[in-house]
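Subject: Structure handover

Hello,

Here is the structure I promised to pass on. Please open it and keep it beside this email as you read.

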Amino acid sequence: MIELALPWALALLPLPILMRFMPAYKESRDSVKVPFFDKLVELSEQRPEEGARILRRSRIQKILVTTTWLCLVLAAAKPQWIGAPIEQQKSGRDLMVAVDLSGSMEARDFSLPDGTTLNRLEAVKRVLDELARQRASDRLGLIVFGAAAYLQTPFTDDHEVWRQLLGETEIGMAGPSTVFGDAIGLAIKLFRENASDNRVLILLTDGNDTGSTVPPIDAAKVAAANEIRIYTIAIGDPATVGEDALDMQTIERVSELTGGASFQALDQDQMHAAYETIASMEPELYESVSFRPKQSLHWVPVAAAVVLFLCYHLFMALWTWRQGRQSRAT
């Protein structure tokens, strides 16, 4: 299907007709009065007139000028070919993962079936790597936090890059303490910068908040106002005391305020179970996007006008050459 991107340009079509009603351009020139004017008129076969002389176009020239004007106006209207509708599916959910990198994540209290022990961050990376492979429909982002919260990966559909940047995280790179309230605040800011209506934050921590600018409960209230669901996963032993102790009351309250859920992961199996539960609560979501490809055709009428112009002048050159040859022959 062909349509015009600027159909209002067709309003220029009657412009040449309007120009005919405008006063003709006249130019005064000096002249010489000669006594043999009548003889000169007879020889030139032209009728003397007062004022300007308007050159008259031949029929072919009129057709050429009219066709050229039509072509130029049509090109100005930008004709374009509209292809058949194409539907694509894109990610339908923004999923931000906030990972605690405080010093307590070094505790090697996660064990594999073969008896190998892992520290908490290594266990988290293993499960998140699997999560990225299974969440093809989500745009993933990554926040790391310790003494401050930092954006490690903005929302992206490139899960390979996300997994690579997750693998580069190290314990302590964000500071020794835990400010998961600020991590929630940073996530809210990033969610606001995206247009998705489906916003999920998965927050993994093994300690209590130790000095966020915004308390976690207040941050959760703002997240709830922005329709962000927060799933919290508490890592480690809930019996731990001191600064590394889990503040389960705050962690559970954050999830409750935002319509999410909270989990405890004391080992690798419980962490897997937490992610499987989250996956069942947040099934894969795709958005269908439909568009029609467009290809500009404005060059076609321009090319047609140029070809007509060249053909006309080529024909006239050959005709003039032939007339001259016949005149010399006679």
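Below are the main findings, grouped by topic.

**Ground rules**

This is a predicted model, where local features need pLDDT of at least 70, side-chain atom pairs count only at pLDDT 80 or more, and totals for chains, interfaces and linings use all residues. Residues are numbered from 1 along each chain as its sequence is written, and side-chain values use heavy atoms, with hydrogens and water left out.

Helices (H or I, at least four residues) and strands (E, at least two) are DSSP runs, numbered from the N terminus. Buried means under 20% relative accessible area, exposed means over 50%, and partly exposed lies in between (1.4 Å probe, protein chains only).

**The core**

A nonpolar core is a set of buried Ala, Val, Leu, Ile, Met, Phe, Trp, Tyr and Cys residues joined through side-chain atoms within 4.5 Å. The largest one here has 33 residues. Val99, Leu128, Ile202, Leu204, Ile233 and Tyr275 touch the most other members. Several elements each supply at least two residues, among them strand S4 (93-100), strand S9 (199-205) and helix H9 (268-281). Helix H4 gives the most, with seven residues.

**Salt bridges**

Side chains of opposite charge can pair when their charged atoms come close. A salt bridge is a side-chain nitrogen of Lys or Arg within 4 Å of a carboxyl oxygen of Asp or Glu. The structure holds nine of them.

Start with Arg93 and Asp138, whose closest N and O atoms are 3.2 Å apart. Arg93 sits in strand S4 and Asp138 in strand S7, 45 residues apart. Arg93 is buried at 3% relative accessibility. Asp138 is buried too, at 0%.

Now look at Asp94 and Arg139. Their side chains meet in a salt bridge at 2.6 Å, N to O. This pair also links S4 to S7, across 45 residues. Both Asp94 and Arg139 are buried.

Glu122 and Arg108 form another salt bridge, with closest N and O atoms 4.0 Å apart. Glu122 lies in H4 and Arg108 in the loop between S4 and strand S5 (110-111), so the pair ties together parts 14 residues apart in sequence. Glu122 is partly exposed, at 33%. Arg108 is partly exposed, at 49%.

Asp129, Arg133, Glu160 and Arg163 are linked in a network of salt bridges.

**Surface patches**

Patches are made of residues with over 30% relative accessible area and no salt bridge; like charges are joined within 9 Å, and nonpolar side chains (Val, Leu, Ile, Met, Phe, Trp, Tyr) within 5 Å. Accessible areas come from the Shrake-Rupley method with a 1.4 Å probe; for residues, only the protein chains shown count as cover.

Leu12, Leu15, Leu18, Met19 and Met22 form a nonpolar patch, with about 480 Å² of accessible area together. Leu12 is in the loop between strand S1 (2-4) and helix H1 (15-20).

Arg20, Arg56, Arg57, Arg59 and Lys62 gather in a patch of positive charge. Lys and Arg count as positive, Asp and Glu as negative; His and the chain ends are not counted. A charge is placed at NZ of Lys, CZ of Arg, CG of Asp or CD of Glu. Arg59 is in helix H3 (residues 59-76). Arg59 is exposed, at 70%.

**Backbone**

Most residues other than glycine have a negative phi. Lys78 has a positive phi of about 55°. Lys78 lies in the loop between H3 and strand S2 (79-82).

Best wishes
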